[in-house]
Amino acid sequence: LFVGLVILIKTNSFEALDTSIGKAVYSIHDLGMVSVIKWIGMLGSTTGIIIVLFLFMIIFAFITKSFVPSVILFSSVLIGNIGNKLLKALIERERPSFVDHMEDGFSFPSGHVMVGLLLFGMIAYYLADASQTKRMKRTIISSACILLLLIGLSRLLEGEHFLTDVIGGFIAGGIFLLAMIAIDKIVHTKISERKVQKDVAL
């Protein structure tokens with residue numbers, strides 16, 4: 001799916017539609033309610049990511065009495081950021097031309113969305129895993145999904161990305177997220193096995 005999206009972008013198959021959608025969404029960026037969404041979108045910015053990251057690293061370390069979740073959370077954001085920069089460098093898509101940009105660099109995939117999905121996705125994964133009820137798990141996951149959709153929408157409202165940049169960010173971020181969750185499960189399985197072995201040895 002991601003490769004297909006890249007092909008469409010490289011062949012300019014979606015450019016006219018992307019631009020039309022982008023202009024239509026950007027045209028309402030000055031409305032009052034939209035300002036709230038743009039502020040929420042700040043959570044996907046570099047500053048927002050760093051603040052939320054270190055806040056939850058401290059929280060998870062304190063609650064779990066272990067640095068493992070914090071290290072994996074930090075690694076997720078770091079790997080996602082590096083992966084995003086590599087993908088942008090490889091695809092080299094320019095940002096929308098109908099607005100003056102506050103940010104430099106290439107457009108696809110959206111870094112706010114991709115790295116944000118990794119950060120908030122991992123936070124939601126840990127919180128849901130620790131939750132005692134299915135209702136709470138659903139609430140956590142639903143809240144994370146809504147937050148991420150608003151971050152994606154904010155990128156369109158600010159004119160910093162095309163719709164396909166945002167979609168690409170979700171797809172790439174989702175792939176990275178599944179990989180990090182798999183790594184987390186492997187790490188915790190290994191830790192549990194070592195604890196069992198130590199208990200048997202005693």
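This is a predicted model: local features need pLDDT of at least 70, side-chain atom pairs count only at pLDDT 80 or more; totals for chains, interfaces and linings use all residues.
Aromatic contacts were examined next. A pair of aromatic rings is described by the distance of the centres and the angle of the planes. Five aromatic pairs were counted in the model. One of them joins Phe60 and Tyr126 in an edge-to-face arrangement, with 5.3 Å from centre to centre and 65 degrees between the planes. Phe60 belongs to helix H4 (residues 46–64) and Tyr126 to helix H6 (residues 111–130), so this pair ties together parts that are 66 residues apart in sequence. Both Phe60 and Tyr126 are buried.

A further pair is made by Tyr125 and Tyr126, whose ring centres are 5.2 Å apart. The planes of these two rings lie at 50 degrees, so the pair is tilted. Tyr125 has a relative accessibility of 16% and therefore counts as buried; Tyr126, at 10%, is likewise buried. The cut-off applied to both is a relative accessible area under 20%.

Through ring pairs, Phe56, Phe60, Tyr125 and Tyr126 are linked into a cluster. Tyr126 thus takes part in the edge-to-face pair with Phe60 and in the tilted pair with Tyr125.

Methods: Residues are numbered from 1 along each chain as its sequence is written. Side-chain values use heavy atoms; hydrogens and water are left out. Rings of Phe, Tyr and Trp (its six-membered ring) pair if their centres lie within 6.5 Å; planes under 30 degrees apart count as stacked, over 60 as edge-to-face and the rest as tilted. Helices (H or I, at least four residues) and strands (E, at least two) are DSSP runs, numbered from the N terminus. Buried means under 20% relative accessible area, exposed over 50%, partly exposed in between (1.4 Å probe, protein chains only).
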